[in-house]
Amino acid sequence: MTTAKSKRRITHVTLDERTVVRHKPEVEHERAVAIFDLLEDNEFCPCEFAEDGPYHLHLSIEDNRLVFDVRREDNSELDRLMLPITGFRSVVRDYFLICESYYAAIKRSTPSQIEAIDMGRRGLHNEGSEMLRERLSGKVEMDLQTARRLFTLICVLHIRG
């Protein structure tokens, strides 16, 4: 039996492989965890297509826009949402910088220093997640954890070779 809650979710997610490059093990791990956690537990529902879920989601960047290609479970087209990427650039850049500091700190800093950097990292991650929710407001309903996982994947899309 399909419940309303089970329809309001992503069951498959892909990233545009033309823009995703393989990087450090830490980045690959973050990507894999974000996808796993997203598929395990998410709340995602395009406002105009609430009855058409669950959804497949393909994320990409095209012409300086973040593209959410939302499809039905049978992979037929449903909706294509585009957001200007410029608003995300500064928070993503700052997030990358603090992540670099965090990974370096893990190797040579005290636990209290690592914790302080991690708090900053989580704060920036929350900022990006809230920005995503705001930009998609009225188009997609999602909970904070889903937005956090999607923001991680958006960060991965920003990484260039």
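The buried residues of α2 are R31, A34 and L38. These three span an arc of only 65° around the axis, and therefore sit on the same side of α2. An α-helix has 3.6 residues a turn, so residues three or four places apart point the same way. The opposite face, turned away from the buried side of α2, carries the exposed residues P25, H29, F36 and E40. Among the elements that cover the buried residues of α2 are β1 (10-15) and α5 (144-158). Helix α2 itself runs over residues 25-40, which makes 16 residues. From first C-alpha to last, α2 reaches 22 Å, close to the 22 Å expected at 1.5 Å a residue.

All of this is read from a predicted model, and the confidence values belong beside it. The chain averages a pLDDT of 89, and 92% of the residues score at least 70. Confidence is lowest in helix α1 (residues 4-7), where the mean is 74. The highest value, 96, belongs to strand β6 (residues 140-142).

The largest nonpolar core has 43 residues. Within this core, the residues with the most contacts are F44, L57, L66, F68 and L150. Helix α3 (residues 86-108) gives the most to the core, with nine residues. F44 can be followed in detail. Leaving aside neighbours within four places in sequence, F44 is in contact with R8, R9 and I10, with Y55, L57 and V70, and with V140, E141, M142, T146 and L150. Two of these partners, L57 and L150, are themselves listed with F44 among the residues with the most contacts inside the core.

Is S129 buried or exposed? S129 has a relative accessible area of 0% and is therefore buried. Not counting residues up to four places away in sequence, S129 touches L144, A147, R148 and F151.

Charged side chains come next. The structure holds ten salt bridges. In one of them the side chains of E51 and K7 meet, at 3.7 Å from N to O. This pair links distant parts of the chain: E51 is in the loop between β2 and β3, K7 is in helix α1, and the two are 44 residues apart. E51 is exposed, with a relative accessible area of 60%, whereas K7, at 21%, counts as partly exposed. For the K7 end of this pair, recall that helix α1 has the lowest confidence in the chain.

A second salt bridge joins the side chains of R71 and E77, at 3.9 Å from N to O. E77 has a relative accessible area of 62% and is exposed.

R122 pairs with D118, and the closest N and O atoms are 3.4 Å apart. Both residues lie in helix α4, four residues apart, about one turn of the helix. R122, at 40% relative accessibility, counts as partly exposed, while D118, at 15%, counts as buried. Elsewhere, salt bridges that share partners join R8, E43 and E141 into one network.

The backbone has some points to check in the loops. Which peptide bond is cis? The bond from G53 to P54 is cis, with omega near 0°. P54 has its place in the loop between β2 (44-46) and β3 (55-62). E51, the partner of K7, is in the loop between β2 and β3 as well.

Two asparagines have a positive phi. N64 has a phi of about 60° although it is not a glycine, and N64 is found in the loop between β3 and β4 (65-72). At 44% relative accessibility, N64 counts as partly exposed. For N75, phi is near 75°, again a positive value in a residue other than glycine. N75 lies in the loop between β4 and β5 (77-84). With a relative accessible area of 43%, N75 is partly exposed.

How values were computed:
Residues numbered from 1 in each chain as written. Predicted model: local features only at pLDDT ≥ 70, side-chain atom pairs only at ≥ 80, totals over all residues. Heavy atoms only, no water. Expected span 1.5 Å × (residues − 1). Buried < 20%, exposed > 50% of the residue type's maximum accessible area, 1.4 Å probe, protein only. Arc of directions from axis to C-beta. Contact = heavy atoms within 4.5 Å. pLDDT = per-residue confidence, 0-100. Core = buried A, V, L, I, M, F, W, Y, C linked by side-chain atoms within 4.5 Å. Salt bridge = Lys/Arg side-chain N within 4 Å of Asp/Glu carboxyl O.
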